[in-house]
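Reader: Could you walk me through this model and show me how to read its features?

Author: Gladly; let us look at it together.

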Amino acid sequence: MARHLITSAIPYINGIKHLGNLVGSQLPADLFARYQRGRGHEVLFLCATDEHGTPAELAAAKAGKPVAEYCAEMHEVQSRIAEGFRLSFDHFGRSSSPQNHRLTQHFAKVLADRGLIREVSETQMYSPTDGRYLPDRYIEGTCPNCGFESARGDQCDNCTKQLDPVDLINPHSTISGATDLEMRETKHLYLRQSAMKDELEAWIDSKTDWPVLTTSIAKKWLNDGDGLQDRGITRDLDWGVPVQRGDEPWPGMEGKVFYVWFDAPIEYIACAQEWVEAGKGDDWERWWRTDKGAGDVTYTQFMGKDNVPFHTLGFPATILGSGEPWKLVDYIKSFNYLNYDGGQFSTSRGRGVFMDQALEILPADYWRWWLLSHAPESSDAEFTWENFQSSVNKDLADVLGNFVSRITKFCRSKFGEEVPAGGSFGERETALIADLEARIRAYEGHMEAMEVRKAAAALRGIWVAGNEYLQAAAPWATFKEDPEQAAAQVRLGLNLIRLYAVLSAPFLPDASAKMLEGMQTDATDWPGDAESALSVLEPGHAFTVPEVLFSKITDDQREEWQGRFAGVRE
RNA sequence: GGGCCUGUAGCUCAAUUGGUUAGAGCAGAGCGCUCAUAACGCUUUGGUUGGGGGUUCGAGUCCCUCCGGGCCUACCA
């Protein structure tokens, strides 16, 4: 039995995520976790909320709540929505947990002890009106280069020139509009990534089977300009992990916190500690310490492309730099973006479908199927309501759902609600079994390789094979001449439903459960050979005709949703 | 500006890494079936692989160039 540690990029706390966020990390991670569990492997699947940073503070202020309270509430909201999508996290943690505080401070100490942290004195814009230091992009003004009036402090959106906030003409805070900005001297800690460039590069170069999206982004950062740059890992904020050297104070760093991108990946580890604390497990080190049992763990991370630099360079620099035997990631599966109907999903403009809204209008399986079967693997993908409607209606309602209906209802009318006895398999059945054998193995291959769209296509092909068989065998015709033979055909058809339930579970957990319930079986072992997998339900086994698995999306519904999600979120 | 990704049938995507006649699904057309959610199956129309040039016995695949789309560019996360 293999052991799989699986993490999804942790979603930021400041609101409900849209479908693009979902398909870029949590959903494919869940697919992989469910598949590996289905194969009988030991899986630890972790996710959490990423709770620190300026946007969290601002979102809390906007909601009129203390930031800790706001984050606690939003964590609950995201947690419930994750359950709604059937995301099967073994634990859904919080980057603000005490475990993460301790571990983040521990890593900082170890890195400092090994000479990998240096102090840098720099100047930073401070806004007395806002009472806070402002990240560059929270300052706007007129671009000195092109005269664009809403240029951000880090870059002008009009001429794309990179800027320094002090260059802006008439700079002001985008939070309050305040113009009384001043430069203040402040000290920060930098992680000396540059000192680890060769080690990181050798490690990346050894990963020849990673998606090009992952390695090309990593290499770009390694070799761009002067090479890998040191990175500031502290910020002047209130909300975050206080800068400490382990348990000890860090002189000169009073009142500062670690930068979210330093503490967020560490939460992957802290989350396993939370998992133990919550009573769901008893040994987190078995998953994370190679000196304490994690040597045989395969660790896979899932994320959108915007997260790649932090997972290929920043976090590995932390892990490797510590010199401690932490488990390093084995495979990084990254995704492009999902666009919405000709443009981008927009949280600020309420454009597109958000996770809570999606569940209000349709069950999770509909979304899981469309999103995964259209996952943005090779390039950005696009959600359109027409495509969604036709894909879901055809694949789920017609091909899979109707298959279940036609065979169960036919059996009920001719043989009653139990698996009929009699007859034997002939050439047609042998051919189907051989075909399915090959298709199942191909499906497994795509799942192992995390080729999500190909896996979906292969699964659909397995469903189609059942319809082809029924059409050719035509038990409704056979029945008139040779009821025994029809019984064998129906028996095979009913067994196909159970097989489909097992194979489809990673994509469609709810429909899978309904099929198993209808077949009144809890035999969910992954199929070894197709032949024995198709004789699990024996003659005389009782079943019930399941309710319709997937009702179709009507044109009226589609048009209504199209209008509802085009503009501003309520 | 620089870098990376991408462009294949009306739509969404494949193509064993340079190897026969570029394949699937959806949509369209025709036929069959009547168990089933007006479902299913079979057959079929549809391509100058964004344009141009080059390398090669052979190019969707490699090189050059032009055009279009997207992302990243280190203080949003």
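Author: We will go through the domains, their interface, the salt bridges and some strands. This is a predicted model, in which local features need pLDDT of at least 70 and side-chain atom pairs count only at pLDDT 80 or more, while totals for chains, interfaces and linings use all residues. Residues are numbered from 1 along each chain as its sequence is written, chains are lettered from A and ligands numbered from 1 in the order in which they are written, and side-chain values use heavy atoms, with hydrogens and water left out.

Reader: Thanks! Into which domains is chain A divided?

Author: Domain bounds come from an automatic or database domain assignment. Here chain A has domain 1, made of 3–111 + 256–335, and domain 2, covering 385–533. Taken over C-alpha atoms, the centres of domain 1 and domain 2 are 37 Å apart.

Reader: How many residues does the contact take from domain 1 and from domain 2?

Author: Contact means heavy atoms within 4.5 Å. On that basis, domain 1 contributes 14 residues and domain 2 contributes 12 residues.

Reader: And what area is buried between domain 1 and domain 2?

Author: Buried area is the accessible area (1.4 Å probe) that two parts lose on being put together, summed over both. For domain 1 and domain 2 the value is about 1200 Å², with carbon and sulfur atoms giving 66% of that. On the domain 1 side, L31, Y35 and R39 lose the most area to domain 2, together 46% of what that side buries.

Reader: How many salt bridges does the rule find across the interface of domain 1 and domain 2?

Author: A salt bridge is a side-chain nitrogen of Lys or Arg within 4 Å of a carboxyl oxygen of Asp or Glu. The rule finds 3 salt bridges across this interface.

Reader: Which elements give two or more residues to the side of domain 1 that touches domain 2?

Author: Helices (H or I, at least four residues) and strands (E, at least two) are DSSP runs, numbered from the N terminus. The elements are α1 (19–38), β15 (297–304) and β16 (331–335). Of these, α1 gives the most, with 7 residues.

Reader: What about salt bridges elsewhere?

Author: By this rule the count comes to 34 salt bridges. One of them joins E42 and R3, with the closest N and O atoms 3.4 Å apart. This pair links distant parts of the chain, with E42 in strand β2 (residues 42–49) and R3 in strand β1 (residues 3–8), 39 residues apart.

Reader: What is the strand order in the open sheet of 3 strands?

Author: Strands of a sheet pair through backbone hydrogen bonds, either parallel or antiparallel. Two strands count as paired if DSSP finds at least two bridges between them. The order here is β18-β17-β19, with mixed pairing. At the edges, β18 (343–344) and β19 (381–383) each have a single partner strand, so one side of each is left without a neighbour in the sheet. Strand β17 (residues 338–340) runs parallel to β19, joined by 3 bridges, and L338 stands opposite A381 in β19.

Reader: In which sense do β4 and β9 pair?

Author: Strand β4 (residues 117–127) and strand β9 (residues 182–191) are antiparallel, over 10 bridges. V120 has H188 in β9 as its bridge partner.
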